[in-house]
Amino acid sequence: MTDHLLPGVAATRVETDRLTQQVLHREDVDPRGGGEVVLLVHGNVSSALFWQQQLLALQGPWRVLAVDLRGFGGTDPAPVDATRGVRDWSDDLAALVAALGAERVHLVGWSMGGGVVLQHLLDHAERVASVTLVAPVSPFGFGGTAGADGHRVHPDGTGAGAGGANPDFVAALAAGDTTADAPTSPRSIFRAFYVAPGSLPVDEQLEDLYVASMLTTRTGEDHYPGDVVAVDAWPGAAPGGRGVLNTMAPTVLDVSGITELPVKPPVLWIRGDVDQVVSDTSAFDLAFLGSIGAVPGWPGAAGFPPQPMVTQTRTVLDRYAASGGSYREVVLPEVGHAPHVERPQEFVVALLEHLTAPPAEPAGLT
C-alpha cells in the first residue's frame, strides 16, 4: 500500500491491546507525539488513503492522523462482529487513542465512518473535542427503517445488511479488478457513485490511488459484505451477525442517543447535494430501488417506504442542538458522496473553521 502514498505522507503501524492498526500522517508528524489529535475515519470500501490531501493540507496545533479500520487498508484483518454494531471499530479507536497517548480527539468520520465516530462519542464522550460528519450514514443505520424517527419496517431489520450487496461488485473486489470494463468494477462504482458527474474526471493518479484503496477491502462473511439471513418478507434477506454491512443494520446500530449526552461537543455536518449513497433517495437502499422498479416485488410505500437518510440525520442533530449541543450543516453544490475528494480545498476550509471555533459551553452552564 505504500506505493500509493503521496509525497510527504507516511504510514505507521501501531500495536494496541486489540490489534495492530495502521495510521497515515505527514512525514513530519510523530503519531505518538502527545496533545490533541484530529483522527480521520474512512468509510466502507475504502481506507485511510482517501484522506491524504487532508493530511497534507491541515495545519494547526494537532496531530492529524488517518486510521485504517479493521478489515481495510494496512490494519490487521480481524473479523467484524456485527452483533455489536460498529462497536468493534469504536473500541479499536479507543485502543488506538490510548496507545498514541492522545489527550483529546477531534473525530472526522466519512459515510460508515460517521456512524463509527458517533458510536465513539457515545462510548467516550469525555475525550471528544469535536465531531465532523462527512456524508454520514443515518444515525439509525443503513436500510430497513422509515420515517424521520428511524423506526424499523420489520423487527429483524429485513432490507438491511449484507443482502443488499451486489455479488458482482464483491467478486470484483476479491479479484482486485482495477479496470472500468464492467459497471460493477470498483473503478466504475467510484466514478458512478463515490463522486458526482461534475467532479469527473478525477486526476488519473488520484483515481488510481482511490481504486487501490477500495481494493484493500477484505471480502467474505467476516468482512465485506458479511453473512445473510434468508426471510420470507420482501426483499428476502435480513442482516446476519458477521461482517461489514450487517454492522449498519438498524437492529444493532442506533447512535441517536447522542442527544442525551450531558456534554455535547460541536458537530460539523458536511455533505454534497447530489449524494447518491446517503440520501433520501439512495441508489443503495433496496426500498428506494424497489420504488423505481429496479428490485421486483416491492410492496409499496405503505409496506416498505424508502429510508429518508438525510432527514433522519437532520432530525437527530436538531434534537442534539435543542438539548444543549450545536451543529452546523455545510452543503456543497454538485458534490456527491465524497466532499473531501471532490472539493478538497472547500472541505479543508470548512473543517479548519470548525476545529478552530471557540469551544461551546457544556449544556446547562452559563
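Author: The structure under discussion is a predicted model.

Reader: Which helix gives the most to the lining of the largest pocket?

Author: Helix 5 does, with three residues. Helix 5 and helix 7 (286-291) each supply at least two lining residues.

Reader: What makes the pair of Arg 26 and Asp 28 a salt bridge?

Author: The N to O distance between their side chains is 3.0 Å. The cut-off is 4 Å, so the pair qualifies as a salt bridge. In general terms, side chains of opposite charge can pair when their charged atoms come close.

Reader: Are Arg 26 and Asp 28 buried or exposed?

Author: Arg 26 has a relative accessibility of 14%, and buried means under 20%, so Arg 26 is buried. Asp 28 stands at 61%, and exposed means over 50%, so Asp 28 is exposed.

Reader: Why is the pair of Arg 70 and Asp 88 called a salt bridge?

Author: The closest N and O atoms of Arg 70 and Asp 88 are 3.8 Å apart. The rule asks for a distance within 4 Å, and the pair therefore counts. This pair links distant parts of the chain, 18 residues apart. Arg 70 is in the loop between strand 4 (63-67) and helix 2 (87-100), while Asp 88 is in helix 2. With a relative accessible area of 8%, Arg 70 is buried, and Asp 88 is buried at 6%.

Reader: What distance lies between N and O in the salt bridge of Asp 91 and Arg 84?

Author: The N to O distance is 2.7 Å. Arg 84 has a relative accessible area of 27%, between the limits of 20% and 50%, so Arg 84 is partly exposed. Salt bridges with shared partners join Arg 18, Arg 70, Arg 84, Asp 88, Asp 91 and Asp 92 into one network. The whole structure has 17 salt bridges.

Reader: How many aromatic pairs are there?

Author: The count is eleven. One of them is formed by Phe 50 and Phe 190, with 6.4 Å from centre to centre and 50 degrees between the planes.

Reader: Why is the pair of Phe 50 and Phe 190 called tilted?

Author: The centre distance of 6.4 Å is within the limit of 6.5 Å, so the rings pair. Planes under 30 degrees apart would count as stacked and over 60 as edge-to-face; the angle here is 50 degrees, and the pair is therefore tilted. Phe 50 is buried at 1% relative accessible area, and Phe 190 is buried at 0%. Phe 190 also forms a tilted pair with Tyr 194, at 5.8 Å centre to centre and 50 degrees between the planes.

Reader: What separates Phe 190 and Tyr 194 along helix 5?

Author: These residues are four apart in helix 5, so about one helical turn separates them. Both Phe 190 and Tyr 194 are buried. Ring pairs link Phe 50, Trp 110, Phe 190, Tyr 194 and Tyr 210 into a cluster.

Reader: What is the phi of Ser 111?

Author: Ser 111 has a positive phi of about 55 degrees, although it is not a glycine. Most residues other than glycine have a negative phi, and most peptide bonds are trans. Ser 111 lies in the loop between strand 5 (105-110) and helix 3. At 10% relative accessibility, under the 20% limit, Ser 111 is therefore buried. Glu 334 has a positive phi as well, of about 60 degrees, but is partly exposed at 49%.

Reader: Which peptide bonds with proline are cis?

Author: A cis peptide bond joins Tyr 224 and Pro 225, with omega about 5 degrees. Another joins Trp 234 and Pro 235, also with omega about 5 degrees. Pro 225 lies in strand 10 (residues 224-225), whereas Pro 235 is in the loop between strand 11 (228-230) and strand 12 (237-239).

Methods
Residues numbered from 1 in each chain as written. Predicted model: local features only at pLDDT ≥ 70, side-chain atom pairs only at ≥ 80, totals over all residues. Heavy atoms only, no water. Buried < 20%, exposed > 50% of the residue type's maximum accessible area, 1.4 Å probe, protein only. Phe/Tyr/Trp six-rings, centres within 6.5 Å; stacked < 30°, edge-to-face > 60°.
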